[in-house]
Amino acid sequence: MRKVVFLLICLFAFPLFCYAEPIQQQPVFFDTGNTKKVVGIFLEAPVTYVNNEKVRVLVPEKAIPLFPRHQFTVLPFDKTTMALRTYKEDNRMVVNQYYSQPVNRSDIQKIAKGLKADYALFIIISNGPPRVGAGLFTMSFKTTITCDVRLLDVETGEYLVSKEIVKDGSSTGVTMVGGIPSFDNAYNEALEKALSELTIDTASLIKPKEKTE
């Protein structure tokens, strides 16, 4: 009798197993951690200085450590320099081999957006008119160097950080380029000082932005 009951149970249960819908597995999503913010570094300075090999080393060396690697991706300085130069050429801002019209915040915002950057570290180096002084055997040139470093939010166009260094620089007739006094050493000193003293609250840069209604 028990065998008959067991057989009947199996016969009734068999169709349930055959026609039951398979359980669909929900897809599993893993956090890849690929949420790094992209930063571009742009230098606006006299053409002869931008083309200097030392500045190509100095800028990344001092600027990249400001942005932790696990949170930010800093674009190669050569790439941003090329993008800036191309933008100036396309917009007829290059006057000659020694001078080009300076870019402004709107220009940097456009260039940075083209590079898919979230933030732009915008460095502006300028100097006042050279002051000439003559010695017994040499001629000296002095000027006031201004190095302005700003962090731009590419999406909003807002400056988040600003640091300005003003210092006097000097040159000599030996370092003149094309009849124009060169202040590269003074530029380097001002740039290095500005970047060394610059502080950025990177934690605030990676926080999700609040949407305004």
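Visitor: Which strand does strand 1 pair with in the parallel sense over 3 bridges?
Guide: That's strand 2, residues 72–74. Strands here are DSSP E runs of at least two residues, helices are H or I runs of at least four, and both are numbered from the N terminus. Two strands pair if DSSP finds at least two bridges between them.

Visitor: Before we go on, what kind of model is this?
Guide: A predicted one: local features need pLDDT of at least 70, side-chain atom pairs count only at pLDDT 80 or more, and totals for chains, interfaces and linings use all residues. Residues are numbered from 1 along each chain as its sequence is written, and side-chain values use heavy atoms, leaving out hydrogens and water.

Visitor: OK, what's the bridge partner of Val38 in strand 2?
Guide: Thr73.

Visitor: And how many bridges link strand 1 and strand 3?
Guide: 6, again in the parallel sense. Within strand 3, Ile124 is the bridge partner of Glu44.

Visitor: Is strand 1 largely enclosed or exposed?
Guide: Largely enclosed by the rest of the structure, because 7 of its 8 residues (37–44) are buried. Buried means under 20% relative accessible area, exposed over 50%, and partly exposed in between, with a 1.4 Å probe and protein chains only.

Visitor: Buried or exposed?
Guide: Arg92 counts as exposed, at 76% relative accessibility.

Visitor: And where is Lys116?
Guide: In the loop between helix 5 and strand 3 (119–127). Lys116 has a positive phi of about 65° and isn't a glycine either. At 67% relative accessibility, Lys116 counts as exposed.
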